[in-house]
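Good morning, colleagues. Please look at the display with me.

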Amino acid sequence: MEEILELLNAGQYAKLRQLVTEYNVADIAAYMEGMEQEDLLKLFRILPKTMAADVFSYLEIETEQYIITSLSEKDAANIIDNLMADDATDLLEEMPANVVKKLLAHASPETRRDINHLLRYPEDSAGSIMTVEYVDLKETLTVEEAIARIRKVGVDSETINICYVLDQRRTLVGTVALRYLLLSEPDSIIGDIMHENIISLHTMMDQEEVARQFKKYDFTSMPVVDNEDRLVGIITVDDVVDILEEETTEDIEKMAAIVPSDKSYMKTGVIESWKKRIPWLLLLMISATFTGSIIASFEYALSRYVVLTAFIPMLMDTGGNAGGQASAVIIRGLSLDEIHFKDWFTVVWKEIRTAVLCGLTLAGCNVVKMLTIDGVGIRVALVVSLTLFLAVIVAKVVGSTLPMIAKKIGMDPAVMASPFITTIVDAISLLIYFSIATAVLGI
């Protein structure tokens, strides 16, 4: 990085151009992200044209937007033309409509066609993240003719490791790996050596399901077909890595009661962070008033046994933690497609048994602690410990049930995570606590 900056500041652009060609394009992009905007733009202009588009595709979306809007319309369109169609589409989706219009006006007809094709599909669908740069072969070609075609179109394709065999209607009828072509006789017919057991994705498939399919089959690329099984694009494993990062980040933010954001933490401003966090905080604050109302309604009981107040935080925290544990594993299982709504009874029965064991252990330890360390009476110890036992069971059931119900009605299960479940469990735990205290202590 220091050497690049020294050459840049010294104006030794020819030497700098030679230097950057020795680096990996992903490393160059990473260096550029740490540069001042003025220096970043200078370095990008110095990059050889053959490298510029590759480096550009590794940059953050905000950096891409800055570069595109700083270049002339002709240079910017040249970058768009040299990007893979899916990368160009992702960039243009984040830019103002007037800028997009100008860029597409100077882009090649092929680029405009490919981008407009991808923009038709809903966000987060397989069609919106696929690329249209792939190698397709006719089943009547010979191996020699197929290799000649790969040499012709492969340079502009996302990958040539797998080629897709189409019939006259462009229906996907098979696949053939490049290594099989290289090992086959030149006069062999593609239709005879192709692999006919095709695993494909549909254009409208959700990107989370796309990621699951890649995990299931361990492919590096998969074809995307329309309703008539016609090949319209492919998705490669690098796109799946981006999907997994995006979906995981979104789930973590929802589980922390934050409205998901497309920006990284360091690039999110204070006001934007406030907007993302305050809605759920307000909702949870309002819902927590039920907890206060419950405590207020048992004010007389607390006045007679003030010691009961000291154990409220412990009961609420333990119940919330127990519910959070259950919800975390269930949400994860739902995300991985390991758990379905039809498994509801099995899941709840398992959580109840787990909760009984956890509750007994916690209650037993709590009785010993309260009698030996806290020095309270046996009846108070029993009230608190019995509440603890029941609260853990309720929390586990609530924590495992709500995410499954959310998934069933079309909501994201991550919404039903710790903050939301904790609020519900707190209220139920207090009701159990004061009900048991009233019965046992006669208050």
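In this predicted model, the largest nonpolar core has 38 residues. The residues with the most contacts inside this core are Leu16, Met32, Phe44, Phe56, Ile67 and Ile68. Helix α4, which covers residues 37-46, gives the most to this core, with 5 residues.

Let us take Met32 as an example. Which residues does Met32 touch, if we do not count those up to four places away in sequence? They are Leu40, Leu43, Phe44, Leu47, Val55, Leu59 and Ile67. There is also a second, separate core of 22 residues, and it includes Leu308, Met370, Val380 and Leu441. As general background, nonpolar side chains in soluble globular proteins tend to be buried together.

We now turn to the surface. Here Phe341, Trp344, Phe345, Trp349, Ile405, Ile409 and Met411 form a nonpolar patch, with about 720 Å² of accessible area together. Helix α20, residues 344-374, gives the most to this patch, with 3 residues. Phe345 lies in helix α20. Is Phe345 buried or exposed? Its relative accessibility is 60%, so Phe345 counts as exposed.

Finally, I come to the cysteines. How many disulfides does the structure hold? The number is 0. Cys358 is partly exposed, at 29% relative accessibility, whereas Cys163 is buried, with a relative accessible area of 0%.

Methods
Residues numbered from 1 in each chain as written. Predicted model: local features only at pLDDT ≥ 70, side-chain atom pairs only at ≥ 80, totals over all residues. Heavy atoms only, no water. Disulfide = S-S within 2.5 Å. Buried < 20%, exposed > 50% of the residue type's maximum accessible area, 1.4 Å probe, protein only. Patch = residues over 30% accessible without salt bridge, like charges linked within 9 Å, V, L, I, M, F, W, Y side chains within 5 Å. Areas by Shrake-Rupley, 256 points an atom, 1.4 Å probe, with all protein chains shown as cover. Salt bridge = Lys/Arg side-chain N within 4 Å of Asp/Glu carboxyl O. Helix = DSSP H or I, 4+ residues; strand = E, 2+ residues; numbered from the N terminus. Core = buried A, V, L, I, M, F, W, Y, C linked by side-chain atoms within 4.5 Å. Contact = heavy atoms within 4.5 Å.
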